[in-house]
Amino acid sequence: MQEGDARALGALFAAGVEALRAAGIASARLDARILLQAATGCRPEDVILEPTTEIAAGPAAVFRALLDRRAGHEPVSRILGRREFWSLSLELGPAALDPRPDSETLVAAALEASDSDAPGCVLDLGTGSGCLLIAVLSERPRMRGIGIDCSPAAVRIAASNARRLGMADRTSFLAGDWVAPIRGKFDLILCNPPYIETGALGELAREVRDFEPRAALDGGPDGLAAYRALAPTLGKLLAPQGMALFEIGHTQADAAKGIFINSGFTIHGLHADLAGRPRCLAVGLGMVQIENRAWFSGDS
Ligand SMILES: C[S@@+](CC[C@H](N)C(=O)[O-])C[C@H]1O[C@@H](n2cnc3c(N)ncnc32)[C@H](O)[C@@H]1O
């Protein structure tokens with residue numbers, strides 16, 4: 001789309017849709033509408049109701065610049081720098097994964113595993129934008145939590161989100177390697193680790209491959225490296241009746257279960273996402289039942 005093109009709202013929108021379609025963007029209409037709103041401040045219905053409204057040169061140029069970024073397959077959420085997750089508006093930055101709707105499955109499982117007025121401590125491993133911890137704490141006003149991430153820049157984004165959403169006094173965020181800097185016992189441990197096979201990273205959509213931080217995606221040769229790293233050390237951080245919830249790739253349920261059972265955990269459940277695919281594995285300490293044998297594990 002060129003400068004000097006028509007600046008009537010309807011024509012601007014139509015040209016934007018065309019530009020995105022030409023770039024192979026499947027959601028061209030929706031994305032053009034969102035970007036037009038962001039650039040001009042128009043209401044969603046104005047494109048239909050007031051298509052002849054003239055847009056000033058400045059906002060029209062901003063719209064063209066946003067379209068160029070989307071045509072380069074940058075996701076709309078990254079262009080706008082924010083994402084809705086669990087009905088909370090989160091700030092994004094290049095170092096933090098753009099939270100996925102699938103991850104709300106883990107939040108729902110964490111809420112199912114805890115009482116609404118219960119006090120308690122939550123640990124969020126690989127916190128990214130802080131979305132999981134912040135969403136759980138938004139529903140559990142007496143709980144407090146720690147988020148950790150290997151990316152100091154992600155930690156800053158998470159802390160800023162917690163501050164903006166009024167949770168600064170109930171959260172702290174640390175940069176570090178998984179559980180290395182952590183002491184204490186937690187009632188809930190949340191973890192959405194990188195779980196994509198290294199060899200599959202090149203096949204991801206450009207929106208993911210080119211714009212998500214690699215540390216948020218790369219789960220090693222079989223995608224299971226983080227579960228293997230965490231399973232042997234997690235028991236000492238989980239309260240006796242606590243629960244750890246892991247997001248998994250939808251083909252990884254059996255392999256992930258095996259890793260946690262081998263480290264002495266009990267499998268408490270497997271939660272499906274909205275498409276019915278296994279997405280969140282819940283594990284705890286305690287009685288493990290395998291082939292009619294039973295024993296206690298962990299430090300309970
Ligand atoms: C899939 S992203 C999840 C981000 C966020 N929790 C979410 O659900 O959107 C995985 C996160 O784990 C972090 N991570 C990867 N390896 C790590 C490690 N060894 N220690 C701590 N965090 C790590 C990444 O930086 C990334 O933020």
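Analyst: A pocket is, on a 1 Å grid over the protein atoms alone, an open set of points with protein on both sides within 12 Å along at least five of seven lines. The model read here in these terms is predicted.

User: What volume does the second largest pocket have, and which residues line it?

Analyst: The second largest pocket has a volume of about 150 Å³. Its lining includes A113, S114, D115, M143, D187 and M243. Two elements, β6 (186-191) and β7 (238-247), each give two or more residues to this lining, and β7 contributes the most, with three. By class, the lining has six nonpolar, three polar and two charged residues.

User: How is the largest pocket to be described, by volume and by lining?

Analyst: The volume of the largest pocket is about 1,100 Å³. Among its 47 lining residues, L97, N192, I196, A216 and L217 are the closest to the centre. The elements α7 (131-139), β4 (143-149) and α9 (206-209) each supply two or more residues to the lining. Its classes are 23 nonpolar, twelve polar and twelve charged residues.

User: Where does the ligand sit, and which residues come nearest to it?

Analyst: A residue counts as near a molecule if one of its heavy atoms lies within 4 Å of it. The ligand sits in the largest pocket; of the 17 residues around it, G126, D149, D177, W178 and N192 come nearest. This shell comprises ten nonpolar, five polar and two charged residues.

Conventions: Residues are numbered from 1 along each chain as its sequence is written. This is a predicted model: local features need pLDDT of at least 70, side-chain atom pairs count only at pLDDT 80 or more; totals for chains, interfaces and linings use all residues. Side-chain values use heavy atoms; hydrogens and water are left out. On a 1 Å grid over the protein atoms alone, a cavity is a set of points where a 1.4 Å probe fits but cannot get out, and a pocket is an open set with protein on both sides within 12 Å along at least five of seven lines; lining residues have an atom within 4 Å of a point. A molecule sits in a cavity or pocket if more than half of its atoms lie within 2 Å of its grid points. Ala, Val, Leu, Ile, Met, Phe, Trp, Tyr, Cys and Pro count as nonpolar, Asp, Glu, Lys and Arg as charged, and the others, Gly among them, as polar. Grid points are joined across faces, edges and corners, and a volume is the space filled by probe spheres set on the points. Helices (H or I, at least four residues) and strands (E, at least two) are DSSP runs, numbered from the N terminus.
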